[in-house]
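The following report describes selected features of one protein model.

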Amino acid sequence: MVSRRSFLWANGLALAAGGLGITLSDPAAAATRPAAPLLPGFGRPTRLDFADIAALHGNDQLLLTTLQGVVNRTRPRLYFNYNAENYDVTWLSSTGATVTRHDRPLDLVARYRGEVRGAILHDPAVPDSVNIATTLAGLENAVAATADQAAEYRLRTITDLRGRFDPDDALAMYRWQLDTLFPRCTHALLSGLPPTRTVRVDGVQWREIARETERVRDSSNREVRTFDLSPELSGQDGVYLRFQDSLGDDGWGASVGSVKVLADGAQVAAFTPGTEAEAPYLFDGLNSAIGGDANRFSDGGGYFIYRFTAPAGTRQLLVEVDLWNQFLVTSTTTAPTRVEPFPYFRDYTVATRAMVFWLPPTGQTGQLLDEILGKVKPTTPYAGWFANDVAGEWGGVDRASQHAVEVVPADYYMNATVHAGVQAKVSDRVPPRPPATLRNRVYLTLTVGEGDNIQYCQRRMRQIWDDPARGRVPTNWTVSPLLAEIGPALLAYYQRTATANDLLIAGPSGAGYTYPGSWPRAALDAYTELTGRFLRRTGMDLVYAYNQRTPEGDGWVPFDERIVASYRKNTPLRGIVQSWESGDLLARPGGIPVIGNFSPQGRAQEYRDTLLKRVEGWDGRAPLFIAGAVNAWNWAPSDIAELGGLLGDPFEIVRGDTFFALLDEHLRRPAS
């Protein structure tokens, strides 16, 4: 078994490296060299042409991003700012390059036209053709463009995808890509990217119909509510009904179980979310998810929108909605969003010549996804994401894990071809642990999640990291150790600016997001060996980890002796926080303490109240340990500082390294 695993691992590296144009010598020689990069760079950027493309249409952003991939494959020279928040501008100085700013971004097409062979024309009538065009752009040293763009910028047509594929059969399109293009693609990287994005239209006026003002997280307000949309009948483009989270700070937004539409008393539509019957009416569902109760929900800043058209002459339009939790319902007569190509991360997929696809991990598309995942070697990264619903994340990551493939959430990671080449010093030093003496206290360690998500590390994490309140309370910050390759300047910035109260720990579940319990037994060591390599390289010895869901889907499977023993053998880990919302997991399998995270909801006051309730039965005769989760999307260091000010005796907030040292000491003590 060991020799077979070693064979798969060694040959996986060799084939992966070869697919990216890197040559490894014989195993004996390779053993004396640094391991081949998992996520390679394309040279150090020394001079960058920079442009702000935030205001451009998705077609133009797609054209420029695929151009960036071809150009930067040779040497990084193009860098763009994609959003009004200017996240990409924030990191520009960290590249160390001389920057030339361009006020007319599309002029860069003419400037670099000589470095591309021409254009791959995607089909506006077939959204998924954007992904096929991206794959071909990488293979043909071309850009992905519309026919009009190709004509305007004098780009020779390499391949015209218009009319080639059935717009209603994306599965057949991706089957053709696998059979025809994948043999030419790198096998060292797979990429799952949505072909399109939804962009909000400015100036839309919404009418509020219903709002839940109380915090309801248990479906206790579930009922069928009737909404009168008759005021919107004057519109020429139908009626748009939007569902949102009325509070937005705790993850319990609007949830819909069924919808029925009545025009002058006659039923004109009825459906359950997630079914084929819903599809004709779901105008925008990209920011929502399907739950386990056949419900559609959206939390935080997300939303979903239905569009209904009434028969001519209708005087009264009613919608009956099975609705619960913290809902905000609004309506309008104006199309509130438009659909454009999804441009992000495509510079990296083009530069690496990766195959790009978007296959929800259920049904026939899930079977094709399995086939693709089965064609690559263990520890091949899948960069991007999955369809945005419960089955997407959990089902997608689980399928990838079953094929020994780790996931790198990267679909919104910008300028990867530049960041991967920046020469920044990433420290491999483990931060010194603050001294502490084990006492009969309630030890609380707070962990900010989402760090496996490299786009979070690039965007939201930088935003909250720069909060002046950071450092007032001991806090663990999950971050991807893979940034050592695909974003070393990002990781170096966090290491360099961390206070004595900040501790960087690895995000789920080490070197990429995965469920170790789902990995083939013969391949698990390959993942933990990879994790060990990146943890030692980045000075981390704690990890926040996930495992697969239980068969009932109501929780997570705890790490067992086999999984933790593999981590212990191959990594420097001294503690594991496992996703476990109730927090009642505490064990020491394989000789490493494992504790479940505890996930209170709401703001600081409610978080404190939940903690107090949690310790009500504690008698103070032995220490109690709680690993508290911090929601990275809704909280910032100011909120953590507020919580710290609210917690007095018997709580003691400590960094994760201190927490696990004390926990390990406690677990080693003989039972009294």
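Which kind of interaction joins the side chains of R47 and D49? The model is a predicted one, and in it these two side chains form a salt bridge, with an N to O distance of 3.3 Å. The two partners can be described by their accessibility. R47 has a relative accessible area of 33% and is therefore partly exposed. D49, by contrast, is buried, because its relative accessibility is 0%.

**Salt bridges**

Across the whole structure, a search finds 36 salt bridges. Three of them are listed below.

| Salt bridge | N to O distance |
|---|---|
| R47 and D49 | 3.3 Å |
| D322 and R222 | 2.6 Å |
| E652 and R441 | 3.6 Å |

The salt bridge between D322 and R222 links distant parts of the chain, as its partners are 100 residues apart. D322 belongs to strand β18 (residues 317-324), whereas R222 is in the loop between β9 (207-211) and β10 (223-228). D322 is buried, because its relative accessibility is 11%. R222 reaches 39% and so counts as partly exposed.

E652 and R441 also meet in a salt bridge. E652 is in strand β32 (residues 651-653) and R441 in the loop between α12 (416-419) and β24 (442-448), so this pair ties together parts of the chain that are 211 residues apart in sequence.

Strand β1 (residues 47-52) pairs with β3 in the parallel sense over five bridges. Within this pairing, F50 stands opposite R101 of β3.

Another open sheet has four strands, ordered β21-β7-β22-β23, again with parallel pairing. Here the edge strands are β21 (355-357) and β23 (405-409), and each pairs on one side only. Strand β22 (residues 380-384) runs parallel to β23 and is joined to β23 by five bridges. P381 has E406 in β23 as its bridge partner. In general terms, the strands of a sheet pair through backbone hydrogen bonds, either parallel or antiparallel.

**A helix pair**

How do helices α6 and α8 lie relative to each other, roughly parallel or roughly perpendicular? The axes of α6 (residues 129-140) and α8 (residues 170-180) come within 10 Å and cross at roughly 10 degrees. The two helices are therefore roughly parallel to each other, since angles under 35 degrees count as such. The crossing of α6 past α8 is left-handed. On the α6 side, S129, N131, I132 and T135 take part in the contact, and they meet M173, Y174, W176 and Q177 of α8.

**Two buried residues**

G366 lies in helix α10 (residues 363-373). G366 counts as buried because its relative accessibility is 0%. With neighbours within four places in sequence left aside, the contacts of G366 are P360, P361 and R399. G366 is 317 residues along the chain from D49, and the C-alpha atoms of these two residues are separated by 40 Å.

L504 has its place in strand β26 (residues 502-506). Its relative accessibility is 13%, so L504 counts as buried. Which residues does L504 contact once its neighbours within four places in sequence are left aside? They are M461, W465, W477, V479, L491, Y494, Q495 and M540. R200 lies 304 residues from L504 in sequence, and the C-alpha atoms of the two are 35 Å apart in space.

How values were computed: Residues numbered from 1 in each chain as written. Predicted model: local features only at pLDDT ≥ 70, side-chain atom pairs only at ≥ 80, totals over all residues. Heavy atoms only, no water. Pairing = 2+ DSSP bridges. Salt bridge = Lys/Arg side-chain N within 4 Å of Asp/Glu carboxyl O. Buried < 20%, exposed > 50% of the residue type's maximum accessible area, 1.4 Å probe, protein only. Contact = heavy atoms within 4.5 Å. Axes fitted to C-alpha atoms, helices over the stretch in contact; angles between N-to-C directions. Parallel < 35°, antiparallel > 145°, perpendicular 65-115°, else oblique. Left-handed = near helix turned anticlockwise from the far one by under 90°.
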